[in-house]
Amino acid sequence: MKTEQKEHILDILDKGSRFDGRKFDEMRPVEVTYDISPNAEGSALVKIGNTEVMAGVKMSIEQPYPDTPENGNLSVNVELLPLSNPSFEPGPPSIDAIELARVIDRGIRESGCIDVKSLCIEPGKKVWTVFVDVCSINDDGNLKDAASLAAIAAIKNARFPEVVDGEVNYKKKTDKSVPLNGVPIEVTIVKLGNHFLVDPCPEEENVAEARLTLASLEDGTLCALQKGGQQPLTTEQIDKMIELSVTKAAELRSKL
Amino acid sequence: MAYEKRFDGRAFEDTREIDAKAGVVKNADGSAWFKIGKTEAIAAVYGPREIYPRFKQNAKEGVLQCFYNMMPFSGMGDRVRPGGNRRSKEISMVITNALKPALDLSEYPNSAIDVFIELPKTDAGSRCASICAAAIALADAGIPMKDVVSAVAVGIVDGTVLVDLDYAEEAFEGEVADIPIAVIPSTGELTLLQMDGRISKDNLIKALELGKQVSLKISEVQKKALKEVYEVQNEN
């Protein structure tokens, strides 16, 4: 079945069309809704076509790590909920969920968009920890880009809670947001035959030969990379994929 | 001093604002969203499908498995660690027991009916909201049932019997009883009964009767959500 479907998908790609009729570099409609969960310090719902993910930010005051006493902490977690796909199982996070969370984490961390020093309250004693949790609601392909967009949207939406005598009062938010220098956006490109596609649907994801997830900043600086899939890539191919990814990142950034 | 006016101004027999929608998760065989006040639940049904591990299978009928989960950012206060805890396990079990009596799973021997319930935001009443969402989702999935189960909390605050306690009422420092119930609306039978607090027998019976009446109103909202999905399809 898989080979037959792959032959079909490749066949129509060679004729210039995709499985669901889109252009090779065409994303499905992207929609971002903020403030979907008022108990969170920040939250967002991202839809890409029928793919849907929610992300929320919780902030708490904790002790810094001993080797970085003046830095706040960032923690990114992804839950591939069994609600969102019949093949996702309840229980500890799958390797896909772990990979996804780590790639989003790297994109945000390495971009330097969050100044971790600004999250310090008292060096060596008290710093803010920013927890970003992403939950999949419906998986109709390209959870990766939806999840990372939701994560950065929730961070943008976050407001610090009030602190009274060193204790966090979660019932009241201040108007202080998390200072951001730059907005890293992740775009995944999949390779099928000689073709490069953005925003793969599940059928394309299942038969893709290789994929490259890339986080980039406004000026085109790359801040995270992750190659996936069974087949190798040449530098020429990587070059093309990067160009496509950075172009699409600008499109996604405009949705925030 | 008795509790004469509710913190949020509602009448004692009024719930917070309720809304529901069926068919919200495209991948699922049936799904629903249910909201009561600031609490929201999304339920998705997958099944009948194969059951793992195999020892869980039942040759006589399908096995209903409900999974209740709060999203890590959903609660008031600290982040909820993902992966479940004793509370979520117990709630999953009582939700399963609350829904099962209304279902006929005899057509699905050796299979699982999985119901995944996720809470993006919570503010008291999350197990009842979960049951309401799950019941709509099971109906949307076409699982045979004698009725769509409804659930609501009833209780007493400082001497006054009321429905649908909110967070402030649950946390009231004085006489409080919080009694989540689930009802098969057409028969008035209870399928969930738990209590946190202290109450006299007379007041308990009074509270349960009130809960049964209110569950009929909730039932209307649940059925309306189902009709909205299926009436549109009939017109096409």
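Modeller: Happy to; what follows goes from the sheet to the chain contact, then to a helix and the partner chain.

Please keep in mind that this is a predicted model. The open sheet of chain B has five strands, in the order β1-β2-β3-β5-β4, and its pairing is mixed. In general, strands of a sheet pair through backbone hydrogen bonds, and the pairing can be parallel or antiparallel. Here β1(B), residues 18-22, and β4(B), residues 63-70, are the edge strands, since each of them pairs on one side only. Ignoring direction, neighbouring strands of this sheet are turned by 15° against each other on average.

Let's zoom in on one pair. β3(B) and β5(B) run antiparallel and are joined by eight bridges. One residue pair to pick out on your screen is B:Glu40, whose bridge partner in β5(B) is B:Lys121.

The contact takes 24 residues from chain B and 30 residues from chain A. On the chain B side, the elements that give two or more residues are β3(B), residues 39-50, and β5(B), residues 111-121. The largest share of that side comes from β5(B), with four residues. By residue class, the side of chain B that touches chain A divides into twelve nonpolar, six polar and six charged residues.

Next, a helix of the same chain. Helix α2(B) covers residues 126-140, which makes 15 residues. After α2(B) comes B:Gly142, which has a positive phi, near 80°.

Finally, the partner across the contact. Chain A has five helices and twelve strands. Its radius of gyration is 19 Å, close to the 18 Å that the globule rule gives for 256 residues, so chain A is as compact as a globular protein of that length. Along its principal axes, the C-alpha trace of chain A spans about 65 × 35 × 30 Å. Of the 256 residues in chain A, 43% count as buried. If you look at contacts in chain A between residues at least 6 apart in sequence, 68% of them join residues at least 24 apart.

Conventions
Residues are numbered from 1 along each chain as its sequence is written. Chains are lettered from A and ligands numbered from 1 in the order in which they are written. This is a predicted model: local features need pLDDT of at least 70, side-chain atom pairs count only at pLDDT 80 or more; totals for chains, interfaces and linings use all residues. Two residues are in contact if their C-beta atoms, placed from the backbone, lie within 7 Å. Ala, Val, Leu, Ile, Met, Phe, Trp, Tyr, Cys and Pro count as nonpolar, Asp, Glu, Lys and Arg as charged, and the others, Gly among them, as polar. The radius of gyration is taken over C-alpha atoms; the globule rule is 2.2 Å times the number of residues to the power 0.38. A residue is buried if 20 or more other C-beta atoms lie within 10 Å of its own, exposed if 12 or fewer, and partly exposed in between; C-beta atoms are placed from the backbone. The expected span of a helix is 1.5 Å times one less than its number of residues. Two strands pair if DSSP finds at least two bridges between them. Axes are lines fitted to C-alpha atoms, for helices over the stretch in contact, and angles run from 0 to 180 degrees between N-to-C directions.
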